[in-house]
Amino acid sequence: MESYLNENFGGVKPKNSEEEVLQRWRKLCGVVKNPKRRFRFTANLSKRYEAAAMRRTNQEKLRIAVLVSKAAFQFIQGVSPSDYVLPQEVRDAGFQICAEELGSIVEGHDVKKLKFHGGTEGLAEKLRTSTANGLATDNEFFTRRQEIFGLNKFTETAARSFWVFVWEALQDMTLMILGVCAFVSLVVGVIMEGWPKGAHDGLGIFASILLVVMVTATSDYKQSLQFKDLDKEKKKIAIQVTRNGYRQKLSIYDLLPGDIVHLAIGDQVPADGLFVTGFSVLIDESSLTGESEPIMVTSGNPFLLSGTKVQDGSCKMLVTTVGMRTQWGKLMATLSEGGDDETPLQVKLNGVATIIGKIGLFFAVITFAVLVQGMFSRKLSEGSHWSWSGEEALEMLEYFAVAVTIVVVAVPEGLPLAVTLSLAFAMKKMMNDKALVRHLAACETMGSATSICSDKTGTLTTNHMTVVKSCICMSIKEVSKTNNASSLEIPDSSLKLLLQSIFSNTGGEVVVNKSGKLEILGTPTETALLEFGLSLGGDFHSEREAYKLVKLEPFNSSKKRMGVALMLPEGGLRAHTKGASEIVLAACDKVLDSNGKVIPLDEASSSHLNTTINQFANEALRTLCLAYQELDKFSPDNAIPSSGFTCIGIVGIKDPVRPGVKESVAICRSAGITVRMVTGDNINTAKAIARECGILTDNGIAIEGPVFREKSQEEMHELVPKIQVMARSSPLDKHTLVKFLRTNLDEVVAVTGDGTNDAPALHEADIGLAMGIAGTEVSIAHHRYNTISQPLLEKSCDADTKIPKKNHKKR
Ligand SMILES: Nc1ncnc2c1ncn2[C@@H]1O[C@H](COP(=O)(O)OP(=O)(O)OP(=O)(O)O)[C@@H](O)[C@H]1O
Ligand SMILES: [Ca+2]
């Protein structure tokens, strides 16, 4: 039986199973008593085909739209006023453009129409919003906006009532047969023995059918309510918007056309819209079109489609179309009916149910045969086998009913449902621990994990970063809240450069919030630096207004640095760069000395800086190097130079280890699970933290991504089992490691990450644990790869450390 199960119901994986495997077990289930129930929590393959077809047409449509818009671009000079008529009701509501027109501009990539309406700014005007301050919520347009343009919600299948479940429970083939038997028995019985005596048998069968149906329907109904709750929880996603001039978090469901949304790397575009400002925006449209080549979005090609993902860069977007008017809305409506992938355990239990069903059927047939044979031999001995009375026919019918009843009670049709139920229960329990499980299969796979690849920031550490040490102009200083610029003894000219670097070259922002307080937005690394800048007496806004930003190259994990080019008020251009300290330092050939003078970076000063980096790193600090250079000529189309910089200094950022991590790692280890740290940080920082968490032991290996990358397959076999820390890794290195562990070492791998740079590794892993970043949550939902995310970071215990202790054998 074991081998039969494995052979036929085996190949299903916790995620991304092949089409063929999914088909195979369905076919093998053959005649199922109640297909509606049996396949309730499995993928609806035909709906999925429909979604795939939709993606293909999307791709085709977009290609044509792009071609047309390119052609239009060439003839743009002679824009003829298109024959757009504004519907009266929209005009009455105070807007100058209707939802259909907006939809056709963005979805059709219609440059000509966009130009006709005055570009993005013109559309913002017509939508009664401002690209700087966003929607104003306190005027009368706000409510009318919803009426005219709709909400950012997808139509969902309506909640099914209890009676639907009763109806579905009745679709059971055996129950139907029994029903027929009961009817015949009732009719024949009443004719022969009269009412009410002859009706007993028939009514008895009816009553038991009713009982079975009610019990089934009630439990199914309750289950569906529970799933609905879980589903709601899964869809809570927040995004950064500007409204009333303040930046704030908003649920994506509350977005309206006219909203200004801030998108950053890793975010999913929450609605259709237009690019307002931003830098180096690369959009991955594969979820919508299946096309894997990312697309550059600029003011020349400003169209952003809902459901696509920001692969690089950051930008502000003007929302134009929401909800079911977008392609994504239509696709989601189809996909949500496609259902979740079935889990391996579900499929196995389906196999068991099928086998038991066959055995039950076999015994039912034998029982029937034996009973009938008994009757025959009795009649044979009486010699009456040619003459049949009605009573005997009724007896025969009863035998048949007995046989069918055997099938009813013997076949555990609810077995696959039971596992779904228990997984849902586990899901709910994890939710109480602030871990959100997106796919049922995750609960199942988690029990068999043998290896965990954890990232550092935010998972092992608290993600609350502060600058605690600095080495500006070659002098090392402790930094604390109380000391100011003078205590760091930075010469004035250098301080000016440092503040300019901190405030201009950042992905973060300092804003005044509603209550009038300063609030720092951005990634923890950025906020730490901005805070440092503020503590040195800098002022973000006046600094920002002093110069013009010519170009910004946002941070990403492969480059591990970011840069800006500025037009200075006194004339001239300057570039700033900051990033992983060894990498940025290698791009410097000059340095600021203790008097703030620029001197060449000779051997002595270079080794002083390198020692400083290592010293900071050994104290488990994340180090960043800041540098600048004057530019002769620069145009925004050029890349910011990658060498020739002058080093301003190095900062050491502390990110304390979460309480309880050491214990969790120890628990994992005693359960036979290997924990590895995979991080983009400096190797010494990584090692120091790994030691503190108990991940790095004396005989373990710590390796840097660039070294790991060069290893041959054979060397990897030797090396990988011993790797405990991988530092300075690129997203691809993480992926390579996970893939190697899975395919060559047969491990069941859980990966934790914050989803932006860890996406490829999370995708490859058996279980992906995404750590609470709003933007990444979306990517999880639509890429169907991450299985768990932890939306709230307060909880110190990570989802990965919750893996049951006992189950550590290999699959
Ligand atoms: N905003 C930023 N600007 C410039 N450099 C940065 C920025 N954020 C991080 N860095 C540098 O990049 C390195 C981290 O790179 P990366 O983001 O790839 O790490 P990661 O994989 O997210 O790390 P972890 O595993 O710790 O989460 C840091 O050591 C730091 O030096
Ligand atoms: Ca990370």
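**Exercise 1. Determine the handedness with which helix H2 passes helix H15, and describe their contact.**

*Solution.* The structure is a predicted model.

Step 1. The crossing in which H2 passes H15 is left-handed.

Step 2. Helix H2 spans residues 19-29 and helix H15 spans residues 344-382; their axes come within 10 Å and cross at roughly 20°. Angles under 35 degrees count as roughly parallel, and H2 and H15 are therefore roughly parallel to each other.

Step 3. On the H2 side, the contact is formed by Trp-25, Leu-28 and Cys-29. Their partners in H15 are Val-347, Asn-350, Gly-351 and Thr-354. Sorted by class, this contact holds four nonpolar and three polar residues, with no charged residues.

**Exercise 2. Describe how H15 packs against helix H16, giving angle, distance and handedness.**

*Solution.* Two values describe a pair of packed helices: the angle between their axes and the distance between the axes.

Step 1. For H15 and H16 (residues 390-410), the angle is about 160° and the axes are 8 Å apart. Angles over 145 degrees count as roughly antiparallel, which makes H15 roughly antiparallel to H16.

Step 2. H15 and H16 cross in a right-handed manner.

Step 3. The H15 residues that take part include Ile-356, Gly-360, Phe-363, Phe-368 and Met-375. Among the H16 residues that they meet are Glu-395, Tyr-399, Phe-400, Val-407 and Ala-410. By class, the contact of H15 with H16 has 18 nonpolar residues, two polar and one charged.

**Exercise 3. State which domains the chain is assigned and characterise the contact of domain 2 with domain 3.**

*Solution.* 

Step 1. The domain assignment gives domain 1 (87-152 + 255-335), domain 2 (432-461 + 658-794) and domain 3 (466-654).

Step 2. Taken over C-alpha atoms, the centres of domain 2 and domain 3 are separated by 30 Å.

Step 3. In the contact, eleven residues of domain 2 touch 14 residues of domain 3. Helix H25 (residues 683-693) supplies five residues, the largest share of the domain 2 side. That side comprises three nonpolar, six polar and two charged residues.

**Exercise 4. Identify the backbone features at Pro-196 and Ser-280 and place each residue in the chain.**

*Solution.* Most peptide bonds are trans, and most residues other than glycine have a negative phi.

Step 1. The bond between Trp-195 and Pro-196 is a cis peptide bond, with omega of about -5°. Pro-196 is found in the loop between helix H11 (173-193) and helix H12 (200-234).

Step 2. Ser-280, a residue other than glycine, has a positive phi, near 45°. This residue, Ser-280, belongs to strand E4 (residues 272-284).

Technical notes
Residues numbered from 1 in each chain as written. Chains lettered and ligands numbered in written order. Predicted model: local features only at pLDDT ≥ 70, side-chain atom pairs only at ≥ 80, totals over all residues. Axes fitted to C-alpha atoms, helices over the stretch in contact; angles between N-to-C directions. Helix = DSSP H or I, 4+ residues; strand = E, 2+ residues; numbered from the N terminus. Parallel < 35°, antiparallel > 145°, perpendicular 65-115°, else oblique. Left-handed = near helix turned anticlockwise from the far one by under 90°. Contact = placed C-beta atoms within 7 Å. Nonpolar A, V, L, I, M, F, W, Y, C, P; charged D, E, K, R; others polar. Domains from an automatic or database assignment.
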